Amino acid sequence: MTQSEGIPFEQTPVPEQVPGICLRNTVVFPLDVVSVPIDHPRSIRMVEANPGDGVIVGCFFPADESVEEVNTPEDFMPIGVACRVIHRMRMPNESVQVVLQGLRRIRLQEVAQAQPYLQLGVESVDTREPRGADIDGLIYRCMEMVDTLVKAEGGYPPEMVNILRMNIAGAGRFADLVGAHVNLPAAVKRRICATESVRDRLRVVEDVLRESLGRVQVAHEVQQKVKVNLESRQREHYLRTQLKTIKQELGLEGDAEEEALELRDRIRESGMPEEAMEAATREVDRLAAMTPASSEYHVVRNYLGWLLDLPWDPGKLPKVNLNRARKILDRDHYGLDEVKQRILEFLAVRRLTKDAGSQVLCLSGPPGVGKTSLGKSIAEAMKRDFVRVSVGGMRDEAEIKGHRRTYVGAMPGKILQELKRCGSMAPVFCLDEIDKMGSDARGDPSAAMLEVLDPEQNHKFLDHYLDVPYDLSKVFFLCTANVLENIPPPLRDRMEIVTLSGYTPHEKFEIARRHVIPQVLKRNGLTGRQLAFTDEAVRTIIEGYTREAGVRSLKREIGRLCRGRALEVATGGQDVKKRALVDPKRIEATLGPRRFEPADRARNPQVGVTAGLAWTPVGGDLLLFEATLVPGKGGMRVTGRLGDVMRESCEAALSYVKSAAEQLDIDPTRFNEFDLHVHVPDGATPKDGPSAGVTIASCLASLYTGRPARADIAMTGEITLKGRVLAVGGIKEKVLAAHRAGITQVLLPNANAKDLPQIPEDVRETLRITLTSDASENIGAVLMPIFLPEGGTAEQAGALPPPPELPPEQRPSL
C-alpha cells in the first residue's frame, strides 16, 4: 500500500510477521528516509529473499553492541521501526545499499525465525500524541536549546530550525526530528528512537541537548581563550618588531635582543619549576629593555647565568647495588667491618624507600681513619658524582645561603656553587669538618646548615642570591667530624651517626701493604721494582715512628722513605737499577732513631705514678698521673692544666683514700703533716673529664702506702666517695691506646662490659682486660707487694713479678 492510495505513512498497516534487520551503526526514525549499507550475510540474504520495492521490514537495535549474533527477543531493544524498502543497489564489495523509509514504531513480540534470515513477530505501537502544559514546556525548552546549539555549533542547514518550529504541534514528531537531524552519537539516537512514551522521549531529548550544549559552550570558551592568547602573542610580536625597527633607526640595536631570545629558549628547555621560570622570564624582560652599557645589565645577566647553569632535572637515579657497594668498600678500605655494615644498612634503606631526603649520614672519628675516602667509595657505589666542601672555620652564613643581589659581587652560597660545578642535582655531597664551623656577627653557618640538611625543609632551599626555591632533597649529604659534641644539638639530631675508631697495629700493617705503599710509590714516581718494604720495616714504622689513631703520619713517614729513594733514582746513583729494600737499618738512617718504644709510657714501676686512659678527638691516649708529698699542713695542689671536673675527681679520690686508710694500712697522720701535689704531664695540653677518678685514687694509694704501682697496667673509670667505679665513654679508643703503648693489662668499669665486643679481636687476644666495680679492686691489682720510699723504683726490689691472677667472676666475658 502506498501513500498515493490516501493512507498516511504513520498509519500504514504492518503485517504481524516481517523480515528483520539489526541496525548497529544507522538509525531510521518514523517518516525519515535513510540509505543503509547492508553487509551482514544474514541481512543480505533477507534482502535477496524479498525482492522488489515496497517490502516492509522491521528494523530493530541490539540491546548489547558487543553481541555479534542476535537471535532472541532479549538480544534486541523492544521498540523498533517498521520501514519500507524504496530502493536497493548491489555494491562492488558484495554489500547492498538499501534506501529505507521509516513508517511507524513497532514492538517486538518474538523471533519467529533466526536463519537463514530474521523473521520477526511484531505489533504496532499506539501513535497518539499526548497533550498538556508539561509537554508544551518540554517542547519549548528543547526548541530553545536546539536554536542555541545550531548557532553555536554551525554546520546545519539554515531551514532546519524553521522545520522544527513547524512541527512543534506534534510532540512525538518533534522529538524524532531532533533525534534525526541534530549531530548526536548513534547510541543516543538509538535510545531516542527506542523510547516508546512520547513524554519520556522528550525528556531524553532534553537531557541530550543540555549535555551537548554544555559541551559546545566549554569548547567555545576554550577556543576563545586560545584566540585571545594567539592575538596577544601576535600583538607582542608586532610590538617587538616595531621596537626592533626603532632601535635600528636610532643605532641602539645590538646583541641584547638576540641574547634575550637565546635566554628565553634556554629557560624553556631548562626544566626549572614554574616559580623559577617566572623569575627568569621576568629578568629576561628587564634585560631586553636595557642597554649593554648599563651597570645593571651585567648584574641581571650574571643572575640569569646562574639560574640557567644550575642543574634542575635530577634525571633517573640509579638503584644502589648492595653487593657492588660491599665490594667497593672492601676494595678501598681494610677493616672497619662495623662501619661498613652501618653504611650498607643505610644504603639498603635508601634503596627500599623512595624518600630521597632521608637522614643525613655523618662519619665521626679521629683524623686519618678514612672518613673522606669512605665518602668517595659511597659515591662510586651509588654511581653518583662526588662533591666535597670543607666547612671547617666557616663563620659567615652567606657562604651557605649566598649574598643578596643588592651587594656588589654577590653570588650564591657554596652549596649551589658546587652543584653547578658538578652539573648534577643528585651528587654525594660531603660536608667536611662540620664540627669546626664557627659563628660571629655575620651569622651562624650551623643554623643555616639546618635548612640544607633537614629533609622537611631542603626540598625548598632558598638561597639569598637566587631568591627562588631549589630542591636539595635528591642530594645525598655526607658529613665528617672529629668531635660530635662540637656539632650543635639541633643539627646533630638530623644526622645518622657512624663512628670510626682508630686502627690496631695489625690493621695499620694491612692498610700500609694494600693501600698506602702503592699510593705513595705512585705519587713519588716509583715502582715496586725500584723500592720495596719488608714486613719488619712496615711494623717498625708503625710501632717506632707513629703514634696515632689513623694512618696519616704513617703515610707521611713512608713518603719520606720514598722521596729518599726518588732522589737516588733521579741523580743516577750506583744502585739505581737495583731494587732498594727498606729495612729497619734504612729506616733509622732516613727517619732517625725510634721516636717511640713499645712501652715508652710503661717505665719501671714507681711509687705515686699510675697510668690512666683518656679519650681525645684524635683517638685514645695514655696519661701518667704523678703524686708527691711535701711538708705542709695537709693541703692539695693540682697542676697539668686540669679542668674543673678532673680537679673534683682528685678531691673525691683523696677523700676515698682517707676513708680507706685503715684498710690500706696508711698512717692517718701523714694526711695532716704533708701537702699533696698531683701532676699530669704534658702540661700544655688541657685535660678534663671524670674518667680519671679511679686512676688518681690508685696513684694516691701508692703514694701513701709506699707501694709502687705496676707500670704495665692502665685503667679508667669514674670514682665515687664510697669507692664505686662508674662507667665511662670511649672504651674502644682507650683500649686501642693502651695496646699501642705496650700495656699488658687494662682495668675497666664493670658497667662497660657491654662495650667489649667493639674491641678488635686481635687486641682482646693480646691484651688482658679486667672488669672492676670497686676502687679497692683496682688498687689491689695495680699495687705491688713491696714497699719503697717515695720516688723509688722496682729495680731496687728485683724483677717485676707477674700480675696476680683474678678469680673467675672478675674476668671479662668476651
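**Notes on the salt bridges**

1. Start with Arg107, which counts as partly exposed because its relative accessibility is 23%, between the 20% and 50% cut-offs. Keep in mind that this is a predicted model.

2. What does Arg107 pair with? Its salt-bridge partner is Glu196, and the closest N and O atoms are 2.5 Å apart. This one links distant parts of the chain: Arg107 sits in strand S5 (residues 96-113), while Glu196 is in the loop between helix H5 (186-193) and helix H6 (198-250), 89 residues apart. Glu196 is partly exposed too, at 35% relative accessible area.

3. Next, have a look at Asp309. Its side chain meets that of Arg266 in a salt bridge, 3.2 Å from N to O. Asp309 belongs to helix H9 (residues 295-309) and Arg266 to helix H7 (residues 256-270), so the bridge ties together parts 43 residues apart in sequence. Asp309 has a relative accessible area of 37%, which makes it partly exposed, and Arg266 is partly exposed at 29%.

4. Asp309 also forms a salt bridge with Lys420, with the closest N and O atoms 3.9 Å apart. Lys420 is in helix H14 (residues 414-422) and Asp309 in helix H9, so here the tied parts are 111 residues apart in sequence. Lys420 is partly exposed, with 29% relative accessible area.

5. For the overall tally, the structure holds 37 salt bridges. As background, side chains of opposite charge can pair when their charged atoms come close.

Notes
Residues numbered from 1 in each chain as written. Predicted model: local features only at pLDDT ≥ 70, side-chain atom pairs only at ≥ 80, totals over all residues. Heavy atoms only, no water. Salt bridge = Lys/Arg side-chain N within 4 Å of Asp/Glu carboxyl O. Helix = DSSP H or I, 4+ residues; strand = E, 2+ residues; numbered from the N terminus. Buried < 20%, exposed > 50% of the residue type's maximum accessible area, 1.4 Å probe, protein only.
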